[in-house]
Each structure stands twice: as structure tokens, then as C-alpha cells.
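Here are some notes for your first reading of this structure. Please keep the sequence and the 3D view open while you go through the numbered points.

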Amino acid sequence: MAKLVLKFENSVLKEMAVGSKEVSIGRSPENGLVIDNPAVSHYHARVFNEEGRLMLEDFGSMNGTFVNGQRVKMVTLKPGDSVGIGKHTIVVSESRDLDGFASGNGSAKPAAPKINETVMLDTKERREFLQKVAAVGESSQVAPSRLKVPTLIVRKGRTNQCEYALNDKLTVIGKSGMATVKLKGWFAPKAAVQITRRDDHSYYIGAADKVPSVNGQPILHPTILSSGDIIAVAGIELEFVYRD
Amino acid sequence: MEIEFGAQSDTGCVRENNEDSYRVVPEMNLFVLSDGMGGLESGEVASQLAVDTVLARCREAEKNPSLPLAGERIEGVSTASNQLASAIRSANEVVYRTAQQGAGQRGMGATVVAVRCTDERMSVAHVGDSRIYRLRGDEFEQLTRDHSFVAEQVRHGKMTAEEAASSTMQNVLVRALGIEPTVEVDVSEELLMENDTVLLCSDGLTRELSDAQIAAVLGECEEPQATARRLVDMAKQAGGGDNVTVVVLRRAAKPVGAIARIGRWFKKSA
């Protein structure tokens, strides 16, 4: 029995055996093999067995179906063929390893594939995919700010230091024991404001006991801080800068 | 600091077994939830191993703070956060080893979300597509970022949020416990204020209900156990296509005495 392996770039998304029943391919959820992408027609193509041969037929799709780079209408498929639909690829192979995959050591009966089962991207493919994603992420990062130290400079009011380098993922401004920027005075709030660092190294300010303002605007939702922003809360003013 | 909590787990309306697990340790203010995957019963095994290992390692670290961490220390976060991340890395090793040994358990893995509160500092750690949300006043925020294929596509601008919501690839993860010998754990820290409500949930909840629906329930309900039950009921009414598990916690407000009330009045007018 043949199987179809749906891939996107280097990631394996799905594997499906083709038995006596045909497999329809398209964007519409009624298809046997759904490819959710605007480049794919709702009913794009089908794969079916005819007299022991595996056939592929394009349903006159808008963007076409390609086998090994050639646009096709109806062809016989053989193991190793690569079917191109939009940016996705379907590789044709023997389904031996699919059975093996489902049953582990091969002694158990293959479990029926469950719909919507959570799966991992295949590990080797995944590593390549993640590397690629990481590369994209790196290149789109604003490089200069990453090398600089995010710092709060006290412009107005009484605190325990006149400057704070933000090294932690969580920075609290208030009277609380865990506060980095310590407020003084009887009625100072325990935790007025929190600043959190996210995984992309950006810093977000959010309200705690008090609603702070940044450049005169009240902060009702967590908001990203930029160099030069003036934070005002509980009687103090701080400037957020990226220091060299 | 007093934390009230509630939890509810349900197989849902479609699946035959519940592959979700959760554990709560009130004396440590530790809350852990895991969603298992893999054929036969390996999903259930994976999620139970994950939550039990996280608990065991956190307890050990609590008793003996000089225990070495599994993996590298993360800079800029507390010891408790590092212990939590370390416990999750250990859980990964345990699930991975079990998956390698057991027959018919290929594809075995699990997500994990965990919260530990030490004073007002809340450590948040996760791997996979289970989520943690916080409601503070009217502000509802997702504190975790899904390690799923579609979420990564959205973050890198290759897919819109709408495309992701209707994608057939929602079930594809890029990070989970038990898949590789080591795993990267995302850790962040948040402030836990009085009356903050925090929700840990498996994707069985978020596939059925929108953020707005979830936020509304968290905002309306007073008692965490009632909130948990209501969320699970709503997810089942909406289809219940997957196992649904939620853990809800809320930092209780201190009873307000006369002097404190005067203090508050002063603060407001300040």
C-alpha cells in the first residue's frame, strides 16, 4: 500500500495511507487530505488506485498540481514522486513505515489514526525548521537594543537609588520587599507597577496597585517600553533608556 | 498570602480516555497541569509522569535548596523559578526515558504548564500548547506563548491569527516533553496581586472557547472551584472535542480593618 506524506518546507505535517478508497486533496475540510492554505483550491486533486496503479488527478485547480516539477492533469504515481500543491509537497512512498510507526515494535495491531490527535513535528525536520525560524527571528531583531542595558533613571521623587539596571525578568516598583525600585513614605503602594521582560527581550510595563502613565498617557494594558519613555507613578518619574 | 483554588478535569464528549493530568500542592502554592499525547494509553502515562515528576523535584528542592539544578541556571529569575524550570527538565527526561523503553509508545509526549507563588512573585513555566492566563481587574492576559506550529507561524508573520484559528495544523507542536533528551523550558515571572485570578488550562478549553468567553467567566465567578466547573461545562457544551482540564487560582484579598481602610482612603486621595 502506498502512503502520502504531506510536507511544508522541511516539516512533515501528516502521513496518510491510500487504500482502495480514493484520497481527495484540497482546502475544504471535507477532503481526505486537507491543506489549509489560500494557494490550494477547495477541491484541488485526488489520488486513487486503479488496476493496481496509483493515480493522481488534478480537478482543474487554479494554481495547478505538479509532479516532480511538471504541471499535470492525470498521471500515474510511483514511490519517490514529489507532488507540489501550492507551497506544500506530498511525497509518495510505500506505507511499510507508517504501519511500523503506529504499532511501535510491529507486534501490536496498528492503532487506527485518530483525528485531531496532537502530534510533534518530526524531530529531525523540526530541528531544521526551528533553526530556520530562529534565523528569521534573529535577522528581524533590532540588534542595537539587545547589546545595551535597559535602565530606569530617576528623574523626580524619592527612591533608594538614582538608577536601576533592569537585569531581571520581573521588576517591581513599590514598597514591597521584592520591589527593585523601592518607594519611600507611609502611604506608598506595596507594588505600584510591574515591568516584565519577554522572550524577545522587549520590556512591558503594566498596572499593579496603580495605573502608571507613560509620556502622559495612562497605561491600561501592558505596553512595550521604548528608549526615552517617561514613566510617572506614585509621585515619582522615571526615564526608561537603553544604556551602552 | 492566601491563595484559593479550584480544579476540574473532564474526558470531553468525543475522546474515550482523559490524557490530561493536574496536581495542586497548596502548602507550596504549586499548580501543575499536563496534556499527554501518544497512542494507546501512553498519553495518560506521559501526563501523569510529567506532573508527578515536577511535584517530586520541587519538593526535593524545597527540602534541600543546595540540590544541583537539572540544566543551566536562568539569569534574572528567582531560585524558585529556577527550581521549577529544573523540575520540568527532569520531567522531560523521565517521559523521554519511558517513551524510549516502552514498546508501542513512540509519539509519547506531554505539554506542561506550572505556576509557583513565593510571596507575591509568581513563577510561570511551560512547554507545549497548554496555557496560563491572568485576569487583573478588566485586563485579561495570556502569560504563555504556545509552542505550536501555527503560533510560531503567526509570531513570524507567516500566518494571520484568523488563519491560525481555522488551520488544520493546530494540533502540531514544535516543543513538548518526552520527545528529545533535553528540552528548553520557557520561564517568566509575574506579580500576583490581591484579587488576581490565574487560569491554567489544556487546549481542550481554548479550542472550544474564545478568550473573551473565558475572561467573562473568570470575571463573573467568585469561587475558584465554581469557576473551574463552569469553564469545563461550557467547553463541553461547545463540543468538547478534546479532554478539558482547568486549574483556577486566586489570591484572596486581606480582610480590611478599620485602620487599613483609613490608610486606603489616604492613598486614594494622595
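1. How many residues does helix α7 of chain B have, and how far does α7(B) reach from its first C-alpha to its last? In this predicted model, helix α7(B) takes in residues 224-237, which is 14 residues, and its reach of 20 Å is close to the 20 Å expected at 1.5 Å a residue. Just after α7(B), the residue G239(B) takes a positive phi of about 140°.

2. The neighbours of β12(B) can be traced through its bridges. Strand β1 (residues 3-10) of chain B runs antiparallel to β12(B) and is joined to it by eight bridges, with A7(B) having V247(B) as its bridge partner. Strand β11 (residues 197-201) of chain B also pairs with β12(B) in the antiparallel sense, here over five bridges, and in this pairing T197(B) stands opposite R250(B).

3. Which residues touch the most other members of the largest nonpolar core? That core has 122 residues, and the ones in question are I88(B), V112(B) and V246(B). Helix α2 (residues 79-101) of chain B gives the most to this core, with nine residues. If residues up to four places away in sequence are not counted, V112(B) touches a set of residues including V32(B), A50(B), V54(B), I88(B), V127(B) and L177(B).

4. Strand β6 (residues 121-127) of chain B is mostly covered, with seven of its seven residues buried. Both of its faces are covered, for R121(B), S123(B), A125(B) and V127(B) are buried on one side, and M122(B), V124(B) and H126(B) are buried on the other.

5. Two strands of chain B pair with β6(B) in the antiparallel sense: β5 (residues 112-118), over seven bridges, and β10 (residues 186-191), over six bridges. C117(B) has M122(B) as its bridge partner in β6(B), whereas V124(B) has S188(B) as its partner in β10(B). A hairpin is formed by β5(B) and β6(B) with two residues between them, and D119(B) in the turn has a positive phi of about 55°.

6. In chain A, six strands form an open sheet in the order β14-β13-β23-β22-β19-β20, with antiparallel pairing. The edge strands are β14 (163-165) and β20 (217-218), each of which pairs on one side only.

7. A last point concerns confidence. Chain B averages a pLDDT of 90, and 93% of the residues score at least 70, while the predictor gives the complex an ipTM of 0.80 and a pTM of 0.72. Where pLDDT is low, the predicted coordinates should not be read in detail.

Notes. Residues are numbered from 1 along each chain as its sequence is written. Chains are lettered from A and ligands numbered from 1 in the order in which they are written. This is a predicted model: local features need pLDDT of at least 70, side-chain atom pairs count only at pLDDT 80 or more; totals for chains, interfaces and linings use all residues. Two strands pair if DSSP finds at least two bridges between them. Helices (H or I, at least four residues) and strands (E, at least two) are DSSP runs, numbered from the N terminus. pLDDT is the predictor's confidence in each residue, from 0 to 100. A nonpolar core is a set of buried Ala, Val, Leu, Ile, Met, Phe, Trp, Tyr and Cys residues joined through C-beta atoms within 7 Å. A residue is buried if 20 or more other C-beta atoms lie within 10 Å of its own, exposed if 12 or fewer, and partly exposed in between; C-beta atoms are placed from the backbone. Two residues are in contact if their C-beta atoms, placed from the backbone, lie within 7 Å. The expected span of a helix is 1.5 Å times one less than its number of residues.
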